[in-house]
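Please look over the following model.

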Amino acid sequence: MGVTNTEADLVVVGAGPGGYTAAIRGAQKGLDVVLVEKERVGGVCLNHGCIPAKALIHAAGFQRDIAHWNDIGINTGVVDVDFQAIQEWKNDVIEQLDDGILQQLDYHDVEYVNGTASFLDSSTMRVEHGDDARDIAFDTAVLATGSQPIEIPGLEFDQDGVISSGSVTGRRSTGRTRRRRWRVYRDGGSNEVLQVRIADQSRRGT
C-alpha cells in the first residue's frame, strides 16, 4: 500500500448535508479543507433518504390526482405506472443534485476525497481507498458520518417483507432477488410521510 502525506487546516468526514456545509463554511473562512466520503457526496439524505423519498412522493401525488380527476368526470382512462421509469427519473434528480454539490465544493476550493477515514492519532487522519492511503495532518476535524438503517433481531432485511429505507428508495440493495410489485402512495396528503406497500408477485401467481 502506497501512503502519501499531506496537511490541512480542517478535515471533515462525511459529505452529507452536515459535512459538506461545514466544509464549505470552513473554506469561506479561509481554511484549507479536505472533505472525506466513503460513498457518494450528499450522504444518506440526498442519496437514500429525504430527496429520493420526496421524489417518489411527488410521483405518487400525480397518480392520486389523476384518480381524483376521474372521480369528477375528467376521464383519463387507466393509468399505467412504470415504477422502473420513475426510479430512473428519481436517480436523474439525485445525480443533478450530486453534481451541484460537487460544483459548490470546487467553487469554494474544498478538496473532495473518496475513501474510508480513520484516526491514527489526535491530529492525523488516514484515508484509504482501494490500495491507496493518504495520511492527513490536521488542526481540526469534524465528524459528520450520518446514519444508516439497523437490523432489529428477528427482523433482518433478508426476510420476506422486511426491507430497509434505502431499499424503498432504490439506492441500496438488500440482496433480495425475488420479483416484487411496489405501490408508493402518500398518507393523508402529507409530504413528510411515505408509505410503501410491497405485494409479493409470487403469492399472486404473477
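## Basis

This is a predicted model: local features need pLDDT of at least 70, side-chain atom pairs count only at pLDDT 80 or more, and totals for chains, interfaces and linings use all residues. Residues are numbered from 1 along each chain as its sequence is written, and side-chain values use heavy atoms, leaving out hydrogens and water.

Helices (H or I, at least four residues) and strands (E, at least two) are DSSP runs, numbered from the N terminus.

## Helix α3

Helix α3 covers residues 50-71, 22 residues in total. The expected span is 1.5 Å times one less than the number of residues.

Buried means under 20% relative accessible area, exposed over 50%, partly exposed in between (1.4 Å probe, protein chains only). Buried residues of α3 include P52, L56, I57 and I66. Just after α3, G73 has a positive phi of about 105 degrees.

## Nonpolar cores

A nonpolar core is a set of buried Ala, Val, Leu, Ile, Met, Phe, Trp, Tyr and Cys residues joined through side-chain atoms within 4.5 Å. The largest has 15 residues, and V33, L35, L105 and V110 make the most contacts inside it. Two or more residues each come from β1 (2-13), α1 (17-28), β2 (33-37) and α4 (83-107). The largest share, four residues, is from α1.

A second, separate core has ten residues, including V13, V36, V113 and F138.

## I94

I94 sits in helix α4. Its relative accessibility is 0%, so I94 counts as buried. I94 and I51 are 43 residues apart in sequence, yet 7.3 Å apart in space, C-alpha to C-alpha.
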